[in-house]
Amino acid sequence: MQQKKIERINELAKKAREVGLSEAERLEQKALRQEYVDAFKESLTSQLERVVLVEKDGTQIPLKKRG
């Protein structure tokens with residue numbers, strides 16, 4: 001996710017706390033937050049797919065995807 005979008009999420013959160021948001025801003029905030037969550041999930045999934053368990057004898061076993 002681009003840094004500009006993260007900064008915009010933070011700006012909207014600050015404005016929401018201080019003065020409130022318009023309907024358009026609430027919708028923008030919701031969309032940006034969802035995009036952030038999706039990017040986070042994708043990144044985490046990618047990291048977990050590269051994890052391997054190393055047994056005492058040195059064999060490597062990749063993590064299995066559940067469900």
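## Leu48 and its helix

Leu48 sits in helix α2, which covers residues 23-49. Helices here are DSSP runs of H or I with at least four residues, strands are runs of E with at least two, and both are numbered from the N terminus. The model is a predicted one, in which local features need pLDDT of at least 70 and side-chain atom pairs count only at pLDDT 80 or more, while totals for chains, interfaces and linings use all residues. Residues are numbered from 1 along each chain as its sequence is written, and side-chain values use heavy atoms, with hydrogens and water left out.

Leu48 has a relative accessibility of 44%, so it counts as partly exposed. Buried means under 20% relative accessible area, exposed means over 50%, and partly exposed lies in between (1.4 Å probe, protein chains only). From Leu48 to Lys65 the separation is 17 residues in sequence and 9.2 Å in space, C-alpha to C-alpha.

Helix α2 contains 27 residues and spans 39 Å from its first C-alpha to its last. This is close to the expected 39 Å at 1.5 Å a residue, where the expected span is 1.5 Å times one less than the number of residues.

The buried residues of α2 are Glu25, Gln29 and Leu32. Their cover includes α1 (3-18). Gln29 has 9% relative accessibility and therefore counts as buried. Leaving aside residues up to four places away in sequence, Gln29 touches Leu12, Ala13 and Leu21; a contact means heavy atoms within 4.5 Å.

## Overall form

The protein has two helices and two strands, in the order α-α-β-β along the sequence. Its radius of gyration is 19 Å, well over the 11 Å that the globule rule gives for 67 residues, so the protein is more spread out than a compact globule. The radius is taken over C-alpha atoms, and the globule rule is 2.2 Å times the number of residues to the power 0.38. Along the principal axes, the C-alpha atoms fill a box of roughly 60 × 20 × 20 Å.

Of the 67 residues in the protein, 10% are buried. Among contacts between residues at least 6 apart in sequence, 29% join residues at least 24 apart.

The accessible surface of the protein is about 6,000 Å², and 53% of it belongs to carbon and sulfur atoms. Areas come from the Shrake-Rupley method with a 1.4 Å probe; for residues, only the protein chains shown count as cover.
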